Amino acid sequence: MKLFSIFGDPIAHSRSPLMHNSVFKALGVCACYSRTHLSDGSQLRDVFISKGLSGANVTVPHKESAYAQCDEVRGIAKEIQAVNTLVLEKGRLIGYNTDADGFMSAIQSFGPIRNALILGAGGTARALSIALTHGEITPTILNRSSGRLDFFHKEGIYAYCWDGFTAAEYDLIINTTSAGLSDNELPIPRPLLLELLSRAKGAIDVIYGKETPFLREIKVSGLPYKDGSDMLLEQGVLANHLFLHGEYPIDKIRPAMQHSFSL
Ligand SMILES: NC(=O)c1ccc[n+]([C@@H]2O[C@H](COP(=O)([O-])OP(=O)(O)OC[C@H]3O[C@@H](n4cnc5c(N)ncnc54)[C@H](OP(=O)(O)O)[C@@H]3O)[C@@H](O)[C@H]2O)c1
């Protein structure tokens, strides 16, 4: 039996085991996907090997340390410098980032987008800003503090902290901060958010499974919106495709994984 897992801290809330095990069951693949709580990210590679895993997902806060521990990093993950999917290939640990392409699939339903404002400057903001740039959508970063803005400046991406930011017109407002995840906070001051929403075409919160204060404000504004469920699904579909080395088509994996959202 092939073994897979998700690494993170915290990890108890993760839907990934249900999502991937639903696919394995539907496709008749002899595999099992579990959760691994990992507080020290530097141990990731050793734990992966000692558990005899064939592949894994990596979530907050270990995506950057996973990147550093791979034998090879492929695709957009090289630019993002963060990895959310690991696959063992001939004894070598290969890293990918499926958050980026998963997000791009999730926003197709908003129609044509010219530019987007990303709230937050963490690992997810990095992945999404690079993916948007590849998709010819101009990203701008807005974060509460300046400490993490260097990465974006080096990539030539507009990046500001709250001080020194002037609201402009952005088609899509994206929340990648953890504000609202375990508190009742908005990701930016309310007057600024309302001004941005009044000029936007849509908004998305990458947090899933709960109505954040950000989502509540968007609902009131009447704009088209999404939470992070579609992104979660799409990054999972792409990861599963990599886990099974492309043996099963995406079109077979997606409905099986989608089914797990109704369980
Ligand atoms: N739907 C999906 O498939 C999916 C995929 C990936 C991630 N996510 C979600 O995305 C979120 C962020 O993940 P990440 O890896 O990017 O986290 P991260 O690297 O820890 O970054 C968190 C960001 O949020 C900001 N922040 C935290 N609390 C805030 C607050 N109260 N007000 C304003 N800003 C705040 C931080 O600002 P400072 O720099 O000032 O600290 C930082 O920019 C998590 O909730 C994660 O679950 C969802």
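Trainee: Which residues are linked in a network of salt bridges?
Mentor: E72, R74, E89 and R92 form that network. A salt bridge here is a side-chain nitrogen of Lys or Arg within 4 Å of a carboxyl oxygen of Asp or Glu. Please note that this is a predicted model, in which local features need pLDDT of at least 70, side-chain atom pairs count only at pLDDT 80 or more, and totals for chains, interfaces and linings use all residues. Residues are numbered from 1 along each chain as its sequence is written, and side-chain values use heavy atoms, with hydrogens and water left out.

Trainee: How many salt bridges does the count come to?
Mentor: The count comes to 14.

Trainee: How far apart are the closest N and O atoms of R74 and E89?
Mentor: They are 3.0 Å apart. R74 sits in the loop between β4 and α4 (77-80) and E89 in strand β5 (residues 85-89), so the pair links distant parts of the chain, 15 residues apart. Helices (H or I, at least four residues) and strands (E, at least two) are DSSP runs, numbered from the N terminus.

Trainee: And D171, is that residue buried or exposed?
Mentor: D171 is buried, at a relative accessible area of 2%. Buried means under 20% relative accessible area, exposed over 50%, and partly exposed in between, with a 1.4 Å probe and protein chains only. The side chain of D171 meets that of R114 in a salt bridge (3.0 Å, N to O).

Trainee: Changing topic: which residues are closest to the ligand?
Mentor: The closest are A121, N143, R144, S145 and V206, among 26 residues that surround the ligand. A residue is near a molecule if one of its heavy atoms lies within 4 Å of it.

Trainee: How much of the ligand's accessible area does the protein cover?
Mentor: The protein covers 86% of the 940 Å² that the ligand has on its own; accessible areas come from the Shrake-Rupley method with a 1.4 Å probe.

Trainee: Which element gives the most to the shell?
Mentor: Helix α10 does, with three residues.

Trainee: Where does the ligand lie relative to the domains?
Mentor: The ligand lies between domain 1 (2-96 + 229-262) and domain 2 (101-226), because both give residues to the shell around it. The domain bounds come from an automatic or database domain assignment.
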